[in-house]
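Trainee: I'm new to this one. Could you walk me through how to read a few of its features?

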Amino acid sequence: MHAIRKMMGLLGLLCAVCVGAGCGTHERMFQTDVLVYGGTPGGVAAAISAAHAGRRVILVEPYARVGGMTTNGLSHTDFRTFESLTGFFLRMTERCEAEYRRTDGADSQAVRECMRGTQCEPHVYQKAIDDMIGAEPNITVLTQHHLMGVTLRRSGEDPWMTHLNGAQFASPQGPAVISAHQFIDASYEGDLMALAGVEYALGREAKETYGESLAPDKADDQLQGYNFRMFMTQVPENRVMPAKPPGYDRAQFVEVLPLLEDGRIVRVFGTSKAIFKSQTPHQPHDKYDINDVSKSPVRLSMPGDQNDWVEGHAAVRQRIFDHHMNYELGLLYFLQHDAAVPAKSRDEALTWGLCRDEFAATGYVPEQLYIREARRMQGAYIYTQKDVEAEPGDVRSKLHTESIAAGDYGPNCHGTSHDGPRFGGAHSGEFYQNVAPYQIPYGVIVPKKCENLLVPVAASSSHVGLCTLRYEPIWSSLGEAAGLAAHLAMQEKIPVQRVKVPALQALLHAEGSATIYISDVPPSSPDFAMTQWWGTLGGFHHLVPPTSPYGTRGKNIAGQYYEAFPFHEAKLDAALDDATRKLWIAIAEQMYMDVKPLQKAATRRDFIAAAYAQKR
């Protein structure tokens, strides 16, 4: 059943205890202001924001390169509108577009196909991330360092609080011990959080737990299935044909044959009734991000061993990694070479191969498995389906005045179990819900009982809530907020639970990171910070009653991407009508502002600027 867990039952009772290996006498010793574990986009964003604030940062990554799934094949980024991209993620995509302009030319097809830098080749994302880290002298990166243990003590202020002192790592260079003032767990699995004794959940809640319509009737231990995001091409000069994987057994794949013959599978590669999802629009230079096909009778994701991965040691994770890799490559090898495969399908499969210029160091395949869901912290605020539902009587989603990030993709689950045979059966637990852009409050990254740890990726949420948060642009925004919150906690010498959210929001706005979706005031605008501040106070809620179903999008651009959500503009140049002035005066009075100068405002911009001038 669904479980709430406290690793080792610690929770405030440890005093300088080392958990796990790595407490020997020959460790390399490091000391820093902020330790970020996990080189995911959320971890990179956290490291850069903390370093940019003047803090010394060590970014620790268990794999050979940083970037998480963004540099491991997930190039078809999940968001709906370009207006939702701000902060670190926007800066990264702008670098990627600039790289294509440099290498291919300003008017090139590659520039058009990269869609403002959001649909890029992994090596281009890698260069952008490496360059952004390299521009921050306060960041030290340690790759191939695997977390082995932590040291904890009781808090000096609150005996029920814990304080992280340090963490131990194994690496090819030998063990390492890192002590820090602040810790950020940006790993997909939440490994550091778990070792620190922080409460977390695994599995799905029942509908009644949080009143979520997308939740199951009864709680269970199911998590979303995993798969690789292979990067493939049909260009012969750049195509590497996969070899027969270790332990290949054609008997594992013969049941796919009836599906090819009776029309349940019409293409090997495609977006529906296919085996390998070739995401569209494709990436520059005729490359494709390959994914699991939802609702297909043949799936790449294999629910069943996710919990073993999450709670397993290195050998268990390696076994699961190999199982997924050999399954995906074995299935492709079967389709390309087995004489029983219909000629049409075999010929189609033979046009596809791995990319010669991607992942060369790891045999042209990603080094990371796509972990859609793992541990979920149970922190200061638990994010649920209700947080992405409409504010009553409004076109906008629920207002969060303590917001630290904005998201723009509905709750989406690729399935948590499989019914019937491997080929021809069906995943269960899948869902998707259209929503309007939403806000995410600070409590989502804050533990209840550890005073110097922040968790932006394995964030505090229900299963349905994580299916809303689990997109790299959102994790990047949460990571950026975590880095700045760690800085503020050090600056004020306070626990992360007492960080003043308005101060954090001000830093985020100064860095061009949104806390609410406003479609017509981009981060490049001189009005961005004041408009974000006013919107996060509620200034753009209840201005427009819903005239169409909640979550109605703008005009489609391509694939899953759309023009800006309607009725989410600030309209700063618009004259200030009486109804809006009345609503805004009420907000100003709640903030103890002098409303006299606000009464004279002629436009929305005038009012917000006059209010912002009084900002405390």
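Trainee: Let's start with a loop. Where does P281 lie?

Mentor: To place a residue, look for the elements on either side. P281 sits in the loop between β13 (274-278) and β14 (287-291). Keep in mind as we go that this is a predicted model.

Trainee: What is the peptide bond from T280 to P281, cis or trans?

Mentor: Omega tells you. The bond from T280 to P281 has omega near 0 degrees, and it is cis.

Trainee: Which loop holds H285, and what is its phi?

Mentor: H285 is in the loop between β13 and β14 too. Its phi is near 65 degrees, a positive value in a residue other than glycine.

Trainee: Now a helix. How many residues of α14 are buried?

Mentor: For that, go through the helix residue by residue. Helix α14 (residues 528-536) has nine of its nine residues buried. Among them are F528, M530, W533 and W534.

Trainee: What covers those buried residues of α14?

Mentor: The cover includes the strands β17 (403-407) and β20 (438-441), along with the helices α13 (501-510), α15 (578-590) and α17 (604-612). Just past the end of α14, G538 has a positive phi of about 110 degrees.

Trainee: How do I read two helices packing together, say α2 and α12?

Mentor: Check the angle and the distance between the axes. Helix α2 (residues 87-104) packs on helix α12 (residues 472-492) at an angle of about 120 degrees, with the axes 7 Å apart. That angle is why α2 is called oblique to α12. On the α2 side the contact is made by G87, F88, F89 and R91, and on the α12 side by E472, P473, S476 and E480. Sorted by type, the contact residues are three nonpolar, two polar and three charged.

Trainee: Which residues does R317 touch?

Mentor: Leaving out residues up to four places away in sequence, R317 touches E189, D191, W309, V310, G312 and R375. With G312 there's a detail to look for: a polar atom of the R317 side chain lies 3.5 Å from the backbone oxygen of G312.

Conventions
Residues are numbered from 1 along each chain as its sequence is written. This is a predicted model: local features need pLDDT of at least 70, side-chain atom pairs count only at pLDDT 80 or more; totals for chains, interfaces and linings use all residues. Side-chain values use heavy atoms; hydrogens and water are left out. A polar contact is a pair of N or O atoms within 3.5 Å; within protein, one must be able to donate a hydrogen and the other to accept it, and residues adjacent in sequence count only if both atoms are side-chain atoms. Contact means heavy atoms within 4.5 Å. Helices (H or I, at least four residues) and strands (E, at least two) are DSSP runs, numbered from the N terminus. Buried means under 20% relative accessible area, exposed over 50%, partly exposed in between (1.4 Å probe, protein chains only). Axes are lines fitted to C-alpha atoms, for helices over the stretch in contact, and angles run from 0 to 180 degrees between N-to-C directions. Angles under 35 degrees count as roughly parallel, over 145 as roughly antiparallel, 65 to 115 as roughly perpendicular and the rest as oblique. Ala, Val, Leu, Ile, Met, Phe, Trp, Tyr, Cys and Pro count as nonpolar, Asp, Glu, Lys and Arg as charged, and the others, Gly among them, as polar.
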